[in-house]
Structures are given as structure tokens and as C-alpha cells.
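Hi,

Here is the model I promised to pass on. Have a look at it first, and then read my notes below.

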Amino acid sequence: NPVRVLICGGGNAAHVMAGLAATRQGVEVRVLTIFADEADKWTEAMKLRGFNVIIKGHRGQPDIDLQANPFTVSKYPEEVVPGCDLVVFAVPAYGHAQYLNAMKPFLKPGSLLVALPGSSGFEFEVNDVLKDVAKSISVMTFDTLPWAARLKEYGHSVEVLGIKKVIHGALHGNCETVFPHDRNAVETLQYLVGEVPVLDVSGHILGITLLSPNAYVHPTMMYAEWANWDGQPVSRAPLLYHGVTDSSIKEMTQVHEEVEGLAKRIMELRPNVDLSKVKGLFPYILEIYEDHILDKSNLKTAFLSNTAYEGLRFPMVATEDGKLSPDFNNRYLSEDIPYGLVVIRGIAEIVGVDTPHIDKVLLWSQEKLGKEFLIDGHIAGKHVPESRSPQAYGMTTLDEILWM
Ligand code: NAD
């Protein structure tokens, strides 16, 4: 029997995941995209011209053009969800709940939901939306997307600009009944994405909620760049990672140390819970981008010399006088706060760990977003229900957070 794989989403990541999976033998690929008319557009384009994933060559290597076998794309969950063994979420975090709600009546008991990437609190949202159904399914979540990817022609071709060396994940649940043959769940997913990145799956699923780097790197970079901004529009967007300074590196390190401290405290309280994936930011960045970092002396040089970050600048909006102002509604705050830093801060509150640096970045970020999550030292602001913090789901104890 083929493994039946459902890919959720209709953007860059969904195109790559579906295309790669559909080049493998013994795999039936389906895509669910519920947004606008994407399913029709994709189906039409694929019918006319087929579907290709183009892996861009590096250092003079030629591109590799992979042709996918035909697959079904639908906007109707009842057409594509029934019978699927593995469901991959390849959409931004704000789309997860819509897909979970849409597929809930059709999920096969024992099936595996994979979030690629998850963003903090994915497992809380699964539990909240699926309720009793959640007990019969497994959840695997990853810290980041395996690829830097860009659509070339909608529904027909997508380019993979870079591939990470390793990505980190964790699995909750027991899905052996669905993967009883020669490949277990992780091996099946590895087979679908190919040899790289290596899918390093271990530890407690909360480890990925804490590890997800966008949660603290993006808001802290925004804070470090713009908290003391004089409000005057600028003529050019500042460089993002290639513009780090001693001060922004210090801010990032302080925030990250609080996340590490939180993971350590939880492991002290619950010695059987493995959150050892949450390690220092420098070794983490080195591991993921090993081949791209030219100067591995320290965290700052690792950012400044990472070729994968070339050309990336802060998100900006145009002003009337033809200049640029920082875009505070960009996903670096609008997603990485509610599906990132607020989640981590909410966990810290329940565990009883102080996070003064996270609080500083969060208070500034929420003000820029016009939202209230942290208020008087608690995750109790009026926009908490829009976040994936434990408080949004009424969780008050560490055991609830750990799904114990
Ligand atoms: P994307 O921007 O391509 O996603 C857009 C898709 O999301 C749309 O095509 C649609 O299917 C869906 N969508 C948009 N608005 C929606 C709405 N209102 N309701 C429901 N669905 C809606 O995203 P991506 O590039 O595929 O990235 C997926 C995730 O991976 C994101 O979290 C992103 O931050 C992360 N990521 C992407 C890259 C990359 O290179 N593309 C790299 C690292 C991480």
C-alpha cells in the first residue's frame, strides 16, 4: 500500500513539499489548500504544464530540475483528508487552526500531523482544536523550514534556493500502527524530503516550542534596530543579519539565555522531560548553517558571514516622501510575537521563571503591534486569546503544558 501524504497550504513551502514527495515511489500525494482560488489555479497550471521543483545549484553546480508525478490538489477536505497517514502543515502559523478545523471530521485515527515548521505552541493548538480526536493522532513539529524557497510559477514550478543541513523536531504520540512496515514515521518523512536536511527528531515536543528561533530572534532584532529610532524615515532598509552589532548580539544572547534557563528549570522540575535540544544560540546557528558560515569565530561573525543571509534587509513600508519606515506589522512581529515570544513568556510564567529581557522586547513589540499580551507582569492582556500561549487555552500547570 502506498503511504498517503496530505500537504496543507498553497505557498512556497507547500509547493516544495508536495513536489518532492511526488517524486518518490510508493507515495500518494494530495494537497489541501483552502485559501481563495489556489486549488483551482494550482490544478489548472499542473494539468497544462506538469510540476517541477528546481534545486538551485551552488558554487557553480548546475540546477537540478525534478519532475513530480501527478497529484491531486483540492480545497475540499472531504476529498483529500480521508485515509491519509501523514499530514504536513506547510503554511504560516496563522493558518494552522483553519486547516485543523477543516480536517477534523476526516482524520484517520493513528495518523500523524507534521508541522514544517511548527512555530511555538503548535501542539497546544492541535489539542485545543481537535479535542478528543487529538488523543488518537500523533504530532511532530520542527523548528524551521528545511528550505529557503520561492515560487516561480504558481502551481507549476518552485525554486529551492538553499537547503539547511539539519532541522530539529520532536514527536508526541505513538503512530506505529500507521507506519508498520520498513520505515517508521521519521524515516518516512526523511524519505519524502530527501537526504538533506537531516531530520533530527528527539526529546519532548515542548523542546521545539522553546527552540523555534523566530520567536526570539526576529522580535529581538526588530527591538535592537528600532527601539531607539528617531521616527525619521530612512532612504534605505538596513541590513538584517548582516547588520548585527555588538549591542544587537547582546540583546539576542540575553533573551536566548532566558529561554535556555526556562528549559533547564523545566528539566529540573520534571527530570524525565528531555528539552536538551534547547542549547546555546551560537552552536545552534553553527549546526544549521555550517556550510554557509565563513567565519565561525563567534556569534556575531557567524551572522555577519552567513552567505544564506545575503541581501536580507529589515521589512519596511514606503512613506509619502518616497522614503522608508520600519514595517511593524510584518510577520517578524505579527506572527513571531503571538506564535512565538508570547508562548514562551506564558510558559515561563507558569513555571515561575523571571524573564526581564523577554519582557522588555515583548512590551515594546506589542506596543508596535497595537496589542496587549503582557500586562502588569502577566500574560493576561486582552489579546491573549489571539496567541498560542498556554493562557490562551486556559492552561495553568506545567503538567498541562507537558500534556501529561
Ligand atoms: P507563504 O508566504 O508562501 O504562504 C502563503 C500561503 O499561505 C498562501 O499561498 C496561502 O496558501 C496561505 N495563506 C495566506 N493567507 C491566508 C489566509 N488568510 N488564510 C489561510 N491561508 C492563507 O509561506 P511559505 O514561504 O510557504 O512559508 C511557510 C512557513 O515557513 C512560514 O511560517 C514561513 O515563515 C516559514 N519559512 C519560509 C521560508 C521560505 O523560504 N519560504 C524560509 C524559512 C521559514
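A word on labels before anything else: helices (H or I, at least four residues) and strands (E, at least two) are DSSP runs, numbered from the N terminus. Residues are numbered from 1 along each chain as its sequence is written, and side-chain values use heavy atoms, with hydrogens and water left out. Do keep in mind that this is a predicted model: local features need pLDDT of at least 70, side-chain atom pairs count only at pLDDT 80 or more, and totals for chains, interfaces and linings use all residues.

I'll start with the cis prolines. Ser-119 counts as partly exposed at 24% relative accessibility (buried is under 20% relative accessible area, exposed over 50%, partly exposed in between, with a 1.4 Å probe and protein chains only). The other cis bond I'd point to joins Val-196 and Pro-197, with omega about -5 degrees; Pro-197 sits in the loop between α6 (185–193) and β12.

Helix α5 (residues 122–130) has 7 of its 9 residues buried, so it is largely enclosed by the rest of the structure. Among the buried ones are Phe-122, Phe-124, Val-129 and Leu-130. Just after α5, Lys-131 takes a positive phi of about 50 degrees.

Now the sheet. It is open, has 8 strands in the order β5-β2-β1-β6-β7-β8-β11-β12, and its pairing is mixed (two strands pair if DSSP finds at least two bridges between them). At the edges stand β5 (72–74) and β12 (198–201), each with a single partner strand, so one side of each has no neighbour in the sheet. On average, neighbouring strands are turned by 25 degrees against each other, direction ignored (axes are lines fitted to C-alpha atoms, for helices over the stretch in contact, and angles run from 0 to 180 degrees between N-to-C directions). Helix α2 (residues 38–49) packs on the sheet, touching β2 (27–32) and β5, and its direction makes about 155 degrees with that of β5; contact here means heavy atoms within 4.5 Å.

Strand β11 (residues 166–172) pairs with β12 in the parallel sense over 4 bridges. Within that pairing, Gly-169 stands opposite Val-201, and His-168 has Asp-200 as its bridge partner. Strand β8 (residues 138–142) runs antiparallel to β11, joined by 4 bridges, with Val-139 opposite His-172. Of the 7 residues of β11, 5 are buried, so this strand is largely enclosed by the rest of the structure.

Finally, a helix pair: the axes of α8 (residues 214–226) and α14 (residues 356–369) come within 10 Å and cross at roughly 75 degrees. That makes α8 roughly perpendicular to α14 (under 35 degrees counts as roughly parallel, over 145 as roughly antiparallel, 65 to 115 as roughly perpendicular and the rest as oblique). The residues that meet there include Tyr-223 and Trp-226 in α8, and Trp-364 in α14.

Cheers
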